[in-house]
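This report goes through one protein model in plain terms.

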Amino acid sequence: MRQNRRRLTREMRDLQKEIRDHALAYGLDFFEVIFEVLDYEEINMVASYGGFPVRYPHWKWGMEYERMQKSYTYGLHRIYEMVINNDPCYAYLLESNSFVDQKTVMAHVYAHCDFFKNNYTFAHTNRKMIDEMANHATRIARYMDRLGVEPVESFIDCCLSIDNLIDYNSPYIARRPTAQSQRDEARQHPDASLLEGHGALLDEEILAAAQRDELRRVGVIQLPNQREYMEGYINPPKFLDEQRQKARDKAKIKKKFPPEPERDVMAFLLNHAPLKRWQHEVLDMLREEAYYFAPQGMTKIMNEGWASYWHSTIMTQRALKPSEFIDFADHHSGVVATHGLQLNPYKLGLELLRDVEDRWNRGRFGKEYDECDDIAERRRWDKRLGQGRDKLFQVRRHYNDITFIDEFLTLDFCREHKLFSFGFNQKHNRWEIESRQFKAIKKKLLDSLTNLGQPYICVDDGNFENRAELLLAHRHDGMDLDPGYASETLKALHRIWTRPVNIRTLVEGKPTILRFDGKEYSEKQIESA
């Protein structure tokens, strides 16, 4: 497929330089962008691979390609472009695009590349991922040649069924204390401070006090003794050592594994599941890819809104010729149009960014504006600050979809755009408007974005009931588990863990444990979740 790709014509290269210069003039900062032109079959092929030219062998790519081909044939979708978060960025243009479409797409791509380079959620991603994907493909193909297609492909199926069970926020926060923080804490411990403070001047009384404190921490109580010369008889050192060891052994049995719920299920399996070497490497590769793609899901609204904002700005203010305005308006309106029951991230992101720019240009923020109760005065409010563009670049750098909407979705915005929440009425068997209240709308939108709209699931116990069984916990926030998906996922986890797998959840509001023991899938109600 690589040999069939076509580089840009001279006319297209001139167009790319023009759009690139406009983007730089507006202050966009991006990696080098390499454009390639593909026909609809080739671009569907790349799209079925998740946007990359080479992926590991697996049946799902062919299935996705067939779906895209049929959808394109029936006129249900059309891919104008694709861009890869890489340095340099690779972007693919559809050969059949009109000239004005290619202009728009190039502006859109440069804005995406700016977002990839500067938004904090992408800071940890591999900037040479196109090479890494090819390496993964080569390694997995070698395993298939050596072990056979069926065992490797079926194990990949298991890994893909849990590739969303990762900790999306782990690259940005420290959930576990680092070695340095543990050392700092040790220095602050009263006993440690006592020992360090006296150094070589520690006398026997201080050492004895430290030893007594250490014994109390492990659950060994010394008998009171008023006569120092009797200490060896009343509290024999050998007896204390034995009790200390027993207490430690007992603590090990009671110690929870893992000590705290582990959000990154894939990492837990990598560290503790009885995997063969090739299985460990395959799981590690797929986990790496899951973390690479995660920021795109976390910033879909912002990323597409940012790209749409800049392609419309560059086109309408600098790049469009008079004869191209109608075609651009027609195609742009299709991109930002709402579609039935589906939220359009292009539309919401674009309108929110425009609203932020307008508010910061006019000074419609801060304590004074928020406390203004006069509707007419709020509408006339304009302090001519002109800070909108600077604010947009700040937002682009520091926010993801959840923080963006939580911070900038306002009551005024909801009223202006007539937003509402809706749901399916089981009684009447139809979709209905649920609420037009601002808080309800915002909550439902944030709930749909939290954890990428997926259930919160973590590892709660790796030695459930002391039988080496795996226990997962579902934090029920109003989102039930799909029974079909739950049963199949437990089967996949059993293949990796090789022991019975359980998940604690709510079924019809009742605490329940779902279980797969390698042969049968079962449900058991429990007293508490």
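## Cysteines

A disulfide is a pair of cysteine sulfur atoms within 2.5 Å. A search of the whole structure finds 0 disulfides. Cysteine 113 is in no disulfide, and its nearest cysteine sulfur, that of cysteine 89, is 3.2 Å away.

Buried means under 20% relative accessible area, exposed over 50%, and partly exposed in between, with a 1.4 Å probe and protein chains only. Cysteine 113 counts as buried because its relative accessibility is 0%. Cysteine 372 is buried too, with a relative accessible area of 13%.

## Basis of the model

This is a predicted model, in which local features need pLDDT of at least 70 and side-chain atom pairs count only at pLDDT 80 or more, while totals for chains, interfaces and linings use all residues. Residues are numbered from 1 along each chain as its sequence is written, and side-chain values use heavy atoms, with hydrogens and water left out.

## The sheet

Helices (H or I, at least four residues) and strands (E, at least two) are DSSP runs, numbered from the N terminus. Two strands pair if DSSP finds at least two bridges between them. An open sheet of 5 strands runs in the order β6-β7-β8-β9-β10, with mixed pairing. β6 (456-464) and β10 (521-525) stand at the edges; each has a single partner strand, so one side of each is left without a neighbour in the sheet. From one strand to the next, the twist averages 25°.

Strands β8 (residues 501-507) and β9 (residues 510-516) run antiparallel and are joined by 7 bridges. Valine 501 stands opposite phenylalanine 516 in β9. Helix α12 (residues 265-272) packs on the sheet, touching β6 and β7 (469-475). Contact here means heavy atoms within 4.5 Å. The direction of α12 makes about 25° with that of β6; axes are lines fitted to C-alpha atoms, for helices over the stretch in contact, and angles run from 0 to 180 degrees between N-to-C directions.

## A cavity

On a 1 Å grid over the protein atoms alone, a cavity is a set of points where a 1.4 Å probe fits but cannot get out, and lining residues have an atom within 4 Å of a point. Grid points are joined across faces, edges and corners, and a volume is the space filled by probe spheres set on the points. The structure holds 1 cavity of 30 Å³ or more. About 50 Å³ of space lies in the largest cavity, and its lining residues include Asn164, Arg263 and Tyr456.

Note on methods:
1 Å grid on protein atoms, 1.4 Å probe; cavity = no way out; pocket = protein on both sides within 12 Å on 5 of 7 lines; lining within 4 Å.
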